[in-house]
Amino acid sequence: MKIISKFDFKLLSEEDKKTLYKKERQLASADKAKIDVESYIPKGNCIWIDSAVCCLKNEKYIALENKEFQSAVEVDRDKYKIHFSMSPTSALTLSVLNRRYNPTSVVFYFSPQCKYLTVEELNQLLQRVKKNMPGAIIILAIDLRFILYHRIKYTNDDVVARLNCKKIIKFGIFEYLLEI
Amino acid sequence: MQNDCDYWRQQQRKMFDYAELEQDIRIKKFFNDTADKPTFTYGDVDYFKNFFYNFEKPYHNALIFFVEIIEYNQFIKTLEQIKNNIGQCKKICIAVNKFIIYSDVACPDIEEDYDQALINTIKKCFLNYKLHEYTTYDKDLRGDQFNFASPCTQIYMTNENY
């Protein structure tokens, strides 16, 4: 009998990638956003990283999506500003987009880029964004269920406190909207 | 009605030609020689409803799943209630999605390793059982590797005095 022990993207069909894309990105699978992130976005260019922002159908946002899922992103590419990268949070990708758009904000909306990371790794990711997009605030909608930490030693609020946030809004047991 | 967890299990299997998940095979192997014996079940066990078919007391087996969000102290209370309910069993498997546990109050003095702390919590509740084996979520599989195949910490225990 065959056994699934781990996922290998190379084995997945295009249809399966669409299923995973929707499963992993709240905006791609829900009728509306869980929290009104848009009201926290300042004026100026806003880049949404791996967050299925095209589902909001707002042409003013810039989408940076994971190239692995390019075929799963079903939007009019002439209408929306959308970029694909194999490494959406690499320093190179971030600095290129910073030069092009000079964003005032970056949004991670339940992004898979912020999943299965330790708190230290998440902090490193956020610092990398800050360094390469110095004029942007980071707005992070996150579900802490997908962050690796000691859930008995620390409360969820303890974990958030380690992220050096300017603003913290808790809207679920594990769900937070953070401004960094 | 199929729950979300079961639906997602089927979605994953469909992607891989209906191969069985490693975590499910592990459970079936453990209970293979006693699947016909009376079994207590708790939580998301729909997938095993055709594997076990005798659910009368007194129980020989217990299969316990935690996949819904639960506070740590409530988790301990639930384990205690289950222990009192099942009495003495021969075999127990407790599968916990370790990502769904949270604490209202931090326990700073607990051991540093979360997996070990979770296993020790369960062991303390089932003192008269011998730890047979355990498996934990593979922390190296993350991000784009996207592994939901084995998200559970599984703890297998046997009762030598049964």
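Some bookkeeping comes before the structure. Residues are numbered from 1 along each chain as its sequence is written, and chains are lettered from A and ligands numbered from 1 in the order in which they are written. Because the model is predicted, local features need pLDDT of at least 70 and side-chain atom pairs count only at pLDDT 80 or more, while totals for chains, interfaces and linings use all residues.

Let me begin with the sheet in chain A. Helices and strands here are DSSP runs numbered from the N terminus, helices being H or I with at least four residues and strands E with at least two. Chain A has an open sheet of 7 strands with mixed pairing, and the order is β4-β3-β2-β5-β7-β10-β9. Two strands pair if DSSP finds at least two bridges between them. Which strands sit at the edges? They are β4 (81–85) and β9 (167–170) of chain A, each of which pairs on one side only. From one strand to the next the twist averages 15 degrees.

Now look at strand β3 of chain A, residues 62–66. β3(A) runs parallel to β4(A), and 5 bridges join the two. β3(A) also pairs with strand β2 (residues 46–49) of chain A, again in the parallel sense, over 3 bridges. You can follow individual residues across. A:Ile62 stands opposite A:Lys81 in β4(A). A:Ala63 has A:Ile82 as its bridge partner in β4(A), and A:Trp48 stands opposite A:Ala63 as well.

Is β3(A) enclosed or open? I need a term for that: a residue is buried if 20 or more other C-beta atoms lie within 10 Å of its own, exposed if 12 or fewer, and partly exposed in between, with C-beta atoms placed from the backbone. In β3(A), 5 of the 5 residues are buried, so the strand is largely enclosed by the rest of the structure.

Next, helix α3 of chain A, residues 91–101. Its buried residues are A:Leu94, A:Leu97 and A:Asn98. They cover an arc of only 105 degrees around the axis, so they lie on the same side of α3(A). The arc is that of the directions from the helix axis to the C-beta atoms. An α-helix has 3.6 residues a turn, so residues three or four places apart point the same way. On the other side of α3(A), A:Leu92 and A:Arg99 are exposed. What covers the buried residues? The cover includes β2, β3, β4 and α4 of chain A. After the helix comes A:Asn102, whose phi is positive, near 45 degrees.

That brings in helix α4 of chain A, residues 119–132. The axes of α3(A) and α4(A) come within 9 Å and cross at roughly 35 degrees. Axes are lines fitted to C-alpha atoms, for helices over the stretch in contact, and angles run from 0 to 180 degrees between N-to-C directions. On the α3(A) side the contact is made by A:Ala91, A:Leu94, A:Ser95 and A:Asn98, and on the α4(A) side by A:Arg128, A:Val129 and A:Asn132. Two residues are in contact if their C-beta atoms, placed from the backbone, lie within 7 Å.

One more residue in chain A. A:Asp158 lies in helix α5 (residues 156–161), and it counts as partly exposed because it has 15 C-beta neighbours inside 10 Å. Between A:Asp158 and A:Ser85 there are 33 Å in space, C-alpha to C-alpha, and they are 73 residues apart in sequence.

Over to chain B. It has 4 helices and 8 strands, in the pattern α-β-α-β-β-β-α-β-β-α-β-β along the sequence. Of its 162 residues, 30% count as buried. Among contacts in chain B with a separation of 6 or more, 65% are between residues 24 or more positions apart.

Chain B also has a helix pair to look at. Helix α3 (residues 72–86) and helix α4 (residues 114–125) of chain B pack at an angle of about 35 degrees, with their axes 10 Å apart. The contact is made by B:Ile76, B:Leu79, B:Glu80 and B:Lys83 of α3(B) and by B:Thr121, B:Ile122 and B:Cys125 of α4(B).

I will stop on B:Glu80, which is found in helix α3 of chain B. B:Glu80 is exposed, with 12 other C-beta atoms within 10 Å. B:Glu80 and B:Val105 are 25 residues apart in sequence and 20 Å apart in space, C-alpha to C-alpha.
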